[in-house]
Amino acid sequence: MQEDAYLKCVNPKCALEYPIYSTNVQCENGHVLDVIYQNEPSTKLKNTFYERRNSKGSIFNESGIWRFRELLNFCQIDTENIDECSKYLVSLDGAEGRQSKPYRMSKAAEFLGINSDGLWLQPEGYNPSGSFKDNGMVTAVTHAKMVGAKKIICASTGNTSASAGMFAANEGIDCDVYIPAGQIAPGKLSQAYQFGAQIIEVEGNFDDALKQSLDDAKNHNGYTVNSVNPFRIEGQKTIPFRALEYLDWESPDWIVYPGGALGNTSSCGKALMELYEWGWIKKIPRIAVINSDGASTLSDLYNGKFEDEELRWNKGNPNTELISKYYDHMEKEGIRPKTKATAIQIGKPANILKGLRALEFTNGVATTVTDTEMLDGMAVVGLNGFDCEMASGASVAGIKKLVSEEIIKKDDTVVGILTGRQKDAMIPVDYHKNPKNIFSHPPKI
Ligand code: F0G
């Protein structure tokens, strides 16, 4: 493969390569793909990225994604040439990622029992569609445009569909979204309608919706924008890029994410692998993935809770049979993922292999939290003047749990990602009406 950027199967024994214009989300043996860059971006770009924060009128400098465009140059364009950028790069006028950076939240730090100088929480909910999905959707839709796709397709617990619908509307392409009927937040569903997406209600859960959307994409020439699409992962790398840039490229000890389909975990892992290999960072932060205890596939498998085997990437030889057995067991026993945090109500994380690779590279951990813990996490973020949804509360709750278990040390530097903004208005209302909740503020009557 001669091009600078190309696609490569993640399985080292298979390692099949495809041109960058390929729309396959898997190799012919069914393994997921990575975008690979042959050229090593110079660390001098750190300065360029910093200087672009004075955008000088360019939306591609203003964008928190395209500001880092040399590190995701799968379009293989001259990144300094704004006219050329305009022809290729999709952007909502530079708004995606523009407001995202880590913030200190002292009340959260106090609640977590961690040194407040070391705790950073990065709200991704102030993206234009209200979640971190915009980071990866701009890149996926850029690739869709590159290959001339007329229709993008996704399954979603809500935020992906809002983001896909928004960028599709802006680009004038069609968008079909498959949602588990009755299981997504009303605010997310209303966004998909508002942006003109075609909603397909699937009887079942997210896992069923994803299966149907992937089948329909194949049969009806749709372009899949779920995080199994390797170009989604490229854009989501900018979440850790922004955190690291803010910390002067000094790695924190931990980066903490809620775990659903594991696109975030995968993209953070890939970002760190590349930055380390390219000499941009000297230390590898550890990734912590926080599942809901009602949708805990990764945590169960990683921690040996199923058949006593701790599932690992194992240098590219994971025991995939164990994953299949776990899914069969779920089917047979009628176990369905169940949490009030519907964003992460996912039983079969599509990116589990890349997620395991990320955990292996970063010596990461996976754990679970309860719905109540997530709600408390969400509530304490609110008390710092920031808004996030319940699933994002998993990052906060997960840090608390890992601090109490002394896995995260009190003086560690921790970046927790707050993945999305509140789109289910009654969740905080119900939380605060209940005087039993730690942070509740019941109304006066
Ligand atoms: N947080 C929020 C707010 C989400 O919407 C999601 C996933 C996650 C965390 C989990 O992230 O999948 O990268 O592990 N939402 C997807 C959707 C599945 O369809 O909107 P992940």
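Trainee: In what order do the strands of the open sheet of five strands stand?
Mentor: The model is predicted: local features need pLDDT of at least 70, side-chain atom pairs count only at pLDDT 80 or more, and totals for chains, interfaces and linings use all residues. Residues are numbered from 1 along each chain as its sequence is written, and side-chain values use heavy atoms, leaving out hydrogens and water. Strands (E, at least two residues) and helices (H or I, at least four) are DSSP runs numbered from the N terminus. Two strands pair if DSSP finds at least two bridges between them; here the pairing is parallel and the order is 4-12-9-10-11.

Trainee: Which are the edge strands of that sheet?
Mentor: The twist averages 25 degrees from one strand to the next. An edge strand here pairs on one side only. These are strand 4 (119-123) and strand 11 (365-369).

Trainee: Which residue in strand 10 stands opposite Val256?
Mentor: Strand 9 (residues 254-258) and strand 10 (residues 286-292) run parallel, joined by five bridges. Opposite Val256 stands Ala288.

Trainee: At what angle does helix 16 run to strand 11?
Mentor: Helix 16 covers residues 393-404. Helix 16 lies across strand 4, strand 9, strand 10, strand 11 and strand 12 (414-418). Angles run from 0 to 180 degrees between N-to-C directions, with axes fitted to C-alpha atoms, for helices over the stretch in contact. Helix 16 and strand 11 make about 110 degrees.

Trainee: How are helix 15 and helix 17 oriented to each other, and why?
Mentor: The axes of helix 15 (residues 371-382) and helix 17 (residues 426-433) come within 11 Å and cross at roughly 95 degrees. Angles under 35 degrees count as roughly parallel, over 145 as roughly antiparallel, 65 to 115 as roughly perpendicular and the rest as oblique. The two helices are therefore roughly perpendicular.

Trainee: Which residue is the bridge partner of Cys9 in strand 3?
Mentor: Another open sheet has three strands in the order 2-1-3, with antiparallel pairing. Five bridges join strand 1 (residues 5-9) to strand 3. The partner of Cys9 is Leu33.

Notes: Contact = heavy atoms within 4.5 Å.
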